[in-house]
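Please keep the sequence and the model in view while reading.

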Amino acid sequence: MTGPIGLRLSNTARVLSRAFDDVLAEAGGSLPIWQVLITVKSRKQGNQRQIAESIGIQGATLTHHLNAMERSGLVVRRRDPENRRVHVVELTEEGERLFHRLREVVVDWDRRLRAGLGEEELAAFERVLAQLEQNIRLG
């Protein structure tokens, strides 16, 4: 390999991200929508702070996405009866339908990415990614 590994990884991630965005868009979604849907679905419900933390975005950014998703009929927000300052997010029936449609797209995408890679290669890839992440955390 020539050149810095971080640049190669960044460029590859950008290409994959754009292609993933395209397949999600074809199915009526986007990466932020998918991240919110999967996070809420895995928790059955969640408050906005928990969702933002889980996705790794700022609360204001999540609010922007939730506003659009609420206008589209994908989610509803209600006050938590135990803490009125907290908004709980739940999927609507339309949100559930989109979740299932996007899940199929994501599974197909993952299968496409894994094509031609064996279990040993995937395990080694996971180890390399974990090591790169650890190297950054250690400074």
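Helices here are DSSP runs of H or I with at least four residues, strands are runs of E with at least two, and both are numbered from the N terminus.

The model is predicted: local features need pLDDT of at least 70, side-chain atom pairs count only at pLDDT 80 or more, and totals for chains, interfaces and linings use all residues. Residues are numbered from 1 along each chain as its sequence is written, and side-chain values use heavy atoms, without hydrogens and water.

The buried residues of helix 5 are Gly95, Leu98, Phe99, Leu102, Val105, Val106 and Trp109. Seen down the axis, they fall within an arc of 140 degrees, so they line one face of the helix. The arc is taken from the directions from the helix axis to the C-beta atoms. Buried means under 20% relative accessible area, exposed over 50%, with partly exposed in between (1.4 Å probe, protein chains only). The face turned away from the buried side of helix 5 carries the exposed residues Glu93, Glu104 and Arg111.

Among what covers the buried residues of helix 5 are helix 1 (5–26), helix 2 (31–43) and strand 3 (83–91). Contact means heavy atoms within 4.5 Å.

In helix 1, the buried residues are Phe20, Val23 and Leu24. They cover an arc of only 95 degrees around the axis, which puts them on the same side of helix 1.
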